Amino acid sequence: MDTQPPLHDHAALRHELAQLQQQLADLQHANGLLQEKLAAALDGTGLCLWQGLPPSGELQVFNLQDFKPDDMASHFDVWYAKVHPDDRDSVLANYLAHLRGDSDCYEAEYRTLGPDGKVTWLWDRGRVIERAADGAPLRIMGAHADITRRKESAQALQRMAQHDALTGLLNRSAFYQRLSQAIAHAGRSGGSLAVLFVDLDLFKQINDRHGHAVGDKLLQFVAQQLQQVVGDGDVAARLGGDEFILYLHGEAGPPAVAAVGQRLLERLNRVQLLDGLAIDLGASIGTSRYPDDGSNAEALVQHADAAMYQAKADGRHRVRHYLRPPA
Ligand SMILES: Nc1nc2c(ncn2[C@@H]2O[C@H](COP(=O)(O)OP(=O)(O)OP(=O)(O)O)[C@@H](O)[C@H]2O)c(=O)[nH]1
């Protein structure tokens with residue numbers, strides 16, 4: 001039996017095939033243009049587009065500008081394992097809240113850890129674009145970007161705002177902030193803490209005799225000594241000029257506080273050899289304690305300052321504790 005289609009059907013099929021091939025070529029061309037536009041839009045942004053399929057946990061990445069394929073996780077569990085342990089809870093809570101429909105979008109800034117332990121900060125944002133009839137999320141699409149440099153600059157700025165440029169110690173405002181937090185903590189836990197106000201003796205003479213640059217080096221030396229006498233959780237700072245301050249946390253009774261002050265004086269009293277110069281460096285130290293001598297940072301510092309003036313008046317290079325004026 002002859003099963004060949006009639007000749008005119010062949011012609012019709014060929015025509016249809018040619019049309020389909022043309023449509024395919026048009027679609028490929030349009031797709032190529034879309035890819036070019038997407039690449040142009042993303043160029044230089046550092047953005048990486050991703051799609052997640054919550055039912056299977058599969059993750060896909062659509063563009064790899066600035067990224068290597070191995071940087072990308074192909075499954076939710078792999079991505080989650082890369083997130084810094086300290087950031088996991090908050091990122092996951094944010095992501096799940098959005099999958100549940102509790103938020104308009106998922107958005108988080110978090111650290112990831114590379115195999116070599118390298119930390120990369122990511123900004124990540126996504127939105128569910130397809131849900132099942134019962135509301136279960138089927139597809140989520142989003143983008144992430146490497147924000148490590150921005151984070152590092154912000155951290156450097158924060159560091160500069162909190163530290164003294166010459167000595168690297170905390171500055172006045174950061175110290176007050178820390179001391180206030182320590183007082184609040186001690187207040188809740190029934191603990192005590194001590195403040196030591198340190199003012200160098202006759203520093204103007206040292207500057208005048210040896211020059212400002214030598215004075216600067218001495219201030220840096222004093223800062224190092226302060227850091228040597230404080231323990232874990234204690235804080236040392238430069239208030240400005242030749243004034244330094246520190247607080248000791250925990251059960252710092254008067255003898256222990258005086259002993260720390262004395263240790264510091266011994267360290268400073270050694271004649272310092274600096275640039276071939278022998279410099280006799282001294283300091284007067286005033287101390288106050290929470291809660292006996294003040295209930296807030298300002299009062300404690302003020303009273304330690306008053307005790308420091310008493311140390312100066314008593315002959316300098318000594319430690320004095322704040323004495324409440326007689327009522
Ligand atoms: N080298 C240097 N000197 C500073 C700096 N900041 C402040 N000073 C100087 O530190 C000196 C502080 O002197 P004063 O506190 O007035 O008095 P003193 O000479 O230490 O005398 P007493 O405090 O009475 O023992 C001043 O001469 C300031 O110019 C600094 O950053 N570097």
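**Ligand shell and overall form**

The model is predicted: local features need pLDDT of at least 70, side-chain atom pairs count only at pLDDT 80 or more, and totals for chains, interfaces and linings use all residues. Residues are numbered from 1 along each chain as its sequence is written, and side-chain values use heavy atoms, with hydrogens and water left out.

Polar contacts are pairs of N or O atoms within 3.5 Å. A backbone N or O atom of Phe203 lies 2.9 Å from a ligand oxygen atom. For His212, a backbone N or O atom is 3.2 Å from a ligand nitrogen atom. The side chain of Arg316 places an N or O atom 2.9 Å from an oxygen atom of the ligand. On its own the ligand has 670 Å² of accessible area, and the protein covers 67% of this (Shrake-Rupley method, 1.4 Å probe).

Helices (H or I, at least four residues) and strands (E, at least two) are DSSP runs, numbered from the N terminus.

The protein has nine helices and twelve strands. Its radius of gyration, over C-alpha atoms, is 34 Å, well over the 20 Å that the globule rule gives for 327 residues, so the protein is more spread out than a compact globule. The rule is 2.2 Å times the number of residues to the power 0.38. The C-alpha trace spans about 125 × 50 × 30 Å along its principal axes.

Definitions and conventions:
A polar contact is a pair of N or O atoms within 3.5 Å; within protein, one must be able to donate a hydrogen and the other to accept it, and residues adjacent in sequence count only if both atoms are side-chain atoms.
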